[in-house]
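Here is a short briefing on one structure. Keep the model open while you read.

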Amino acid sequence: MSDVRVRGAAAARIRVVRPGELDAGEIERWRELRALSGAPANPFMEPEFSLAVGRVRPGARVAVIGGDSGGTVGFFPYERGSLGQGRAIGFGVSDSQGPVLSPEQTLTAGELLSACSLSSWEFDNLEAGAGLFVPDAAEAFDSPVIDIGQGYEAYEAVLRAGSPKFFRTTTAKERRLARQAGEVRFVFDERDPAALRTLMAWKSAQYRRTGRRDRFAKEWIGTLVRQLAADRPDHAPGCSGVLSVLYVADRPVAAHFGLRSRTVLSCWFPAYDTGFAKYSPGLILHLRMAEAAAGAGIGLLDLGRGAAEYKDALKTGELRVYEGASVRRGPRAALYRLSREPSRRAHSFVRNRPKLAGYAQRALSQMGRLRDR
């Protein structure tokens, strides 16, 4: 670990540690600051997620920020590359990112990066309340959510009023699935490791089929998911894994692995058996998940950033997240912009033009089919 004195009006004492070096008091303080922020208790922003990433990513770090008059006023989880480039912790799979700060802290983004010996810090799902880095965002996105805070019956009423055809069609498909394939059974918190392996295999096949990078081809992501799946809410109240499975005649046909806090379920890896595609088992699964989550005291399902028809049908609102990077001045800043900005701009250009995005998606799918031959 290292202690760094940041000088100037925003003087603060910053200690950089590995996540596993945080003591019990610091973890509790992290939870307190999250609660005081008023933001949804997204499990990706809780200390347990950083602790889990720290076990599989050697570059994971947390800056512990001390206040002028003592006490801890913030935490900044990140990953540091060999040349000082930083990224959000769990970058690539984390759906909510940013520092956890008390309103009394007065650091600037540049001072924080300097204290962490970072030339830049990249994010792709920055939380809207992370004011320290929001000015550095290149783009803003809506992350659709399902509000079940008033109970599942209230959510179902919203669906019936706003998406009546979608709701009728989905429930009719569930009845037809039961008639034609066997008894439909749903498990909200499945603990069978075989079910998790099935989900991961389905998801890898989906990535290949759609021409996308298979996240589970990276060993650390698979290990992270398996570790989080083993956590229980009573041991990790801020961030524990939940595997939900839809069975037909005791055969899994759709599954989802996500992370939950006491009040938020962050949807992460959904997939289904393509042999049952005509029944839309993934949509049936999401409705069952919403019902079970409401019964477990969860008030919000975060469907995650990214356009998808099923999200538009299920959502009741959105949260704002940001993509971009905070870059300190200097030669490494120029190197970062040369290496990252052209790619970011190209992706943004395609993403913001629906017709072009459709062409790109079809091309990716064709590549996936050719690769699987």
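The cover over the buried residues of helix H2 includes helix H1 (24-37), strand S3 (60-66), strand S4 (72-80), helix H7 (219-230), strand S11 (251-260) and strand S12 (264-272). This is a predicted model: local features need pLDDT of at least 70, side-chain atom pairs count only at pLDDT 80 or more, and totals for chains, interfaces and linings use all residues. Residues are numbered from 1 along each chain as its sequence is written, and side-chain values use heavy atoms, with hydrogens and water left out.

**Helix H2**

- Helix H2 spans residues 47-56 and is mostly covered, with seven of its 10 residues buried. Buried means under 20% relative accessible area, exposed over 50%, and partly exposed in between (1.4 Å probe, protein chains only).
- Pro47, Glu48, Phe49, Ser50, Ala52, Val53 and Val56 are the buried residues of H2.
- Helices (H or I, at least four residues) and strands (E, at least two) are DSSP runs, numbered from the N terminus.

**Aromatic rings**

- The structure holds 13 aromatic pairs. Rings of Phe, Tyr and Trp (its six-membered ring) pair if their centres lie within 6.5 Å; planes under 30 degrees apart count as stacked, over 60 as edge-to-face and the rest as tilted.
- Phenylalanine 44 and phenylalanine 49 pair edge-to-face, because their ring centres are 4.9 Å apart and their planes are at 75°. Both of these phenylalanines are buried.
- Tryptophan 121 and phenylalanine 123 form a tilted pair, 5.4 Å centre to centre with 40° between the planes. Tryptophan 121 and phenylalanine 123 are both buried.
- One aromatic cluster is formed by Phe44, Phe49, Phe216, Phe257, Trp268 and Phe269.

**Charges over rings**

- Arginine 57 has its charged end over the ring of tryptophan 220, 4.4 Å from the ring centre. A charge sits over a ring if NZ of Lys or CZ of Arg is within 6 Å of the ring centre and within 35 degrees of the ring normal.
- Arginine 185 lies over the face of tyrosine 247, 4.4 Å from the ring centre.

**Positive phi**

- Most residues other than glycine have a negative phi.
- Alanine 249 has a positive phi, near 50°. Alanine 249 is in the loop between strand S10 (240-248) and S11. Its relative accessibility is 48%, so alanine 249 counts as partly exposed.
- Serine 280 also has a positive phi near 50°. Serine 280 is in the loop between S12 and H8. With a relative accessible area of 16%, serine 280 is buried.

Technical notes. Contact = heavy atoms within 4.5 Å.
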